[in-house]
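Hi,

Here is the structure I said I would pass on. My notes on what turned up follow below it.

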Amino acid sequence: MNLTFPKGHVPRYENFELTGLLDETMREGAERCPFAVPADRKAALTKRIVATGVRDVVFGSAPTDPDLMAEILADLERDGDADGVQLAFILLLNCWEPLYERFTRFPDHLKDRVCISFGMVDHRSEERLFERACEKFRSIGFRHFRVSLLNNFSSGVDEKAYARIVDQIDRSVAIGIRTVRINDSLGVCYPETMAVLAANLVHAYPDLSFCVHAHDDKGLGLQNALTSIYHGFDLIEGGFAGFGNRSGLPAIEVLLRIFEEKNITIRGLALDHETVRETAYAAEDTFLVVPNVYRPVSGRIVNWENLGVANIPDYLGSERRARKFLTDVGTHDETLRDILRRAGIATQEKANALEPLRAALLAEMAETYAAKRTAYEELIANIVSLYDEDVLFEEAAIARARELAL
């Protein structure tokens, strides 16, 4: 990393406003899911996301997605739920022409609710393909565009890499595109690199909107997303339940919790935590994901804690509302005395007086574990079967093609 912070650059860490949130649940969820999700389920989840208050949904990139986008937008308009809603389509320039033909049939009255987000901007740049493709879409009535700049940050961002990014931005600006997504496409960027990159881009292009598409392959997606806005990016991007290819993207519910604590607001957006959590569960259901029950903020039992004198958050005076459960880990004398007191039973000072209660609880726990062990092993076997069987891997697709050719 040879770039340095621009002279006079001052980061911000709290008390500021972002201009928007881009939700990637639909597009990245469908791409990651090893099974083809039916259109009606995609439509239902999209409407549920819109019902949370999210307006900018990156919907898809599949060949049939333009038709489904039109159906969803028509439904939203019919139901009076389309105010401010925009669905984005990721258009990669190595396969744009069939998609353009599909978009020529898109209903005119819905085109203003669509954003075409160009990817692979530098593909066949000697032919000015990006500029020509954008003009083709303009010619059929689309007016909203942005670019997704694909990057391999495995070697950081040196002057050459930065110059490549700048060249693509300059080409975008030249044809009137004002929103730029910086993709950490492989999820390998480090926050210190993102900090300098964001600072330089914002200083070089103060009139543009930027966000980072922060994959979590190294567990740094959330840090990179936060770092980007601390250093000037004005848009934030994520997915419900952290949906995104491979290890995912920053979870919207986690971002909202952090924003609340740091007084970072999103213009025109006020999302309800419970609604957001339920939408995260709906996303898992749609894309057949086994829930991570300990996922931050929206994990189904992430707020459960062990009852006992060794509960450190309680010792530290945490004000969170945790549901407490008891295992052998928490069966200290003082914990059992507290249970007896709360049951209205006179407490016993002698430790051996607690033994009948301790023995009964431990016996119940042992019986429960044995039953849960059996249930867990069955569940894991089902999960392995769910993801191992009937997936159309590429070799299977090739075999199908051969069969059809016979």
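Let me start with N183, which counts as buried because its relative accessibility is 5%; buried means under 20% relative accessible area, exposed over 50% and partly exposed in between, with a 1.4 Å probe and protein chains only. This is a predicted model, so local features need pLDDT of at least 70 and side-chain atom pairs pLDDT 80 or more, while totals for chains, interfaces and linings use all residues. Residues are numbered from 1 along each chain as its sequence is written, and side-chain values use heavy atoms, leaving out hydrogens and water.

N183 sits in strand 7 (residues 179-184); helices (H or I, at least four residues) and strands (E, at least two) are DSSP runs numbered from the N terminus. Not counting residues up to four places away in sequence, N183 touches S148, L149, L150, N151, F153 and H213, where contact means heavy atoms within 4.5 Å.

On to the nonpolar cores, meaning sets of buried Ala, Val, Leu, Ile, Met, Phe, Trp, Tyr and Cys residues joined through side-chain atoms within 4.5 Å. The largest has 95 residues, and F118, F137, I182, L201 and I229 have the most contacts inside it. Leaving aside neighbours within four places in sequence, I182 is in contact with residues including L149, I165, L197, L201, F210, V212 and F233. Apart from that core lies another, of five residues, among them L340, L354, L361 and M365.

Now the rings. A search of the whole structure gives 15 aromatic pairs. Rings of Phe, Tyr and Trp (its six-membered ring) pair if their centres lie within 6.5 Å; planes under 30 degrees apart count as stacked, over 60 as edge-to-face and the rest as tilted. Take F118 and F130: the ring centres are 5.5 Å apart and the planes are at 75 degrees, so this pair is edge-to-face. It links distant parts of the chain, with F118 in strand 5 (residues 114-119) and F130 in helix 5 (residues 129-139), 12 residues apart. F118 is buried at 0% relative accessibility, and F130 is buried with a relative accessible area of 0%.

F210 and F233 make a stacked pair, because their centres are 5.2 Å apart and their planes at 15 degrees. Here too distant parts of the chain are linked: F210 is in strand 8 (residues 209-214) and F233 in the loop between helix 8 (221-230) and strand 9 (235-238), 23 residues apart. Both F210 and F233 are buried. There is also one aromatic cluster whose members include F89, W96, Y100, F118, F130 and F145.

Charges over rings come up as well: the charged end of R12 sits over the ring of F16, 3.9 Å from its centre, and R300 lies over the face of Y281, at 3.9 Å from the ring centre. The test is NZ of Lys or CZ of Arg within 6 Å of the ring centre and within 35 degrees of the ring normal.

L288 is not a glycine, yet its phi is positive, near 55 degrees. L288 is in the loop between helix 10 (273-286) and strand 11 (304-306) and is partly exposed, with a relative accessible area of 41%. D390, not a glycine either, has a positive phi of about 65 degrees. D390 lies in the loop between helix 13 and helix 14 (394-405) and is exposed, with a relative accessible area of 74%.

Cheers
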